Amino acid sequence: MVTGKAPHKVIEEDPGAEVRLEMAQRAAADDVGVEASDLEVGREEVSYTYRTLELLAEEDPDGERFFLLGADMAAGLAGWKEPGRVVTLARLGVVPRPGVGLGAVRSALELLGAADRAEIIDMPLCGASSTTVRQRAREG
């Protein structure tokens, strides 16, 4: 899912949603079962996760939705707009991130009553971030 208008930050040197969508489409082109969605890019309003999940649920009311996010984001989920809707509309897959203890994630999920709606994805830590990717692209 390519973010349209992020509510929480302005990204310096952002090439724009259309360029990010094209990059995501190219990255997904050769992978069966993977596609880049323009759902958020085509909307005028700020892209909140709960609203995107609502729109996906409207498209496929009987489908099961999974939302993958980093442990850093999951630990702060209670501070998001409509976090209860997020955990109601999708099961969470939480990816460990360097410097973020899983205890903080579990506490945040328990606070939302969503401990049973999330799973920690067992995988090696990945230190890459969108900031790192942008920096490396600038450096060639």
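**Structural note: packing, strands and aromatic rings**

1. In α2, the residues that are buried comprise Tyr 50, Thr 52, Leu 53, Glu 54, Leu 55 and Ala 57. Here buried means under 20% relative accessible area, exposed over 50%, and partly exposed in between (1.4 Å probe, protein chains only). These buried residues of α2 pack against α4, where contact means heavy atoms within 4.5 Å. Helices (H or I, at least four residues) and strands (E, at least two) are DSSP runs, numbered from the N terminus.

2. The model is predicted: local features need pLDDT of at least 70, side-chain atom pairs count only at pLDDT 80 or more, and totals for chains, interfaces and linings use all residues. Residues are numbered from 1 along each chain as its sequence is written, and side-chain values use heavy atoms, with hydrogens and water left out.

3. The largest nonpolar core has 18 residues, and within it Val 86 and Leu 92 touch the most other members. Two or more residues of this core come from each of α2 (49–59), β1 (66–70), α3 (71–75), α4 (83–89), β2 (91–95) and α5 (102–111). A nonpolar core is a set of buried Ala, Val, Leu, Ile, Met, Phe, Trp, Tyr and Cys residues joined through side-chain atoms within 4.5 Å.

4. Which residues does Val 86 touch, not counting residues up to four places away in sequence? On that basis, Val 86 touches Thr 49, Tyr 50, Leu 53, Phe 67, Leu 77, Trp 80 and Leu 92. A second core of five residues is separate, and Val 2, Ala 17, Ala 36 and Val 41 are among its members.

5. Strand β2 has four of its five residues buried, so β2 is largely enclosed by the rest of the structure. It runs parallel to β1, to which five bridges join it; Leu 69 has Val 94 of β2 as its bridge partner. Strand β3 (residues 118–120) also pairs with β2 in the parallel sense, over three bridges, and Leu 92 stands opposite Ala 118 in β3. Two strands pair if DSSP finds at least two bridges between them.

6. From β2 the chain passes through α5 to β3, and this β-α-β crossover is right-handed. That is, with the strands pointing away from the viewer, the path from the first strand over the helix to the second runs clockwise.

7. The structure contains two aromatic pairs. In the pair of Phe 67 and Trp 80, the ring centres are 6.1 Å apart and the planes stand at 70 degrees, so the arrangement is edge-to-face. The pair links distant parts of the chain, 13 residues apart, with Phe 67 in strand β1 and Trp 80 in the loop between α3 and α4. Phe 67 counts as buried at 19% relative accessibility, whereas Trp 80 counts as partly exposed at 24%. Rings of Phe, Tyr and Trp (its six-membered ring) pair if their centres lie within 6.5 Å; planes under 30 degrees apart count as stacked, over 60 as edge-to-face and the rest as tilted.

8. Glu 82 also lies in the loop between α3 and α4. Although Glu 82 is not a glycine, its phi is positive, at about 55 degrees. With a relative accessible area of 42%, Glu 82 is partly exposed.

9. Val 34 is placed in the loop between α1 (17–28) and α2, and at 46% relative accessibility Val 34 counts as partly exposed. From Val 34 to Thr 88 the C-alpha to C-alpha separation is 24 Å, and the two are 54 residues apart in sequence.
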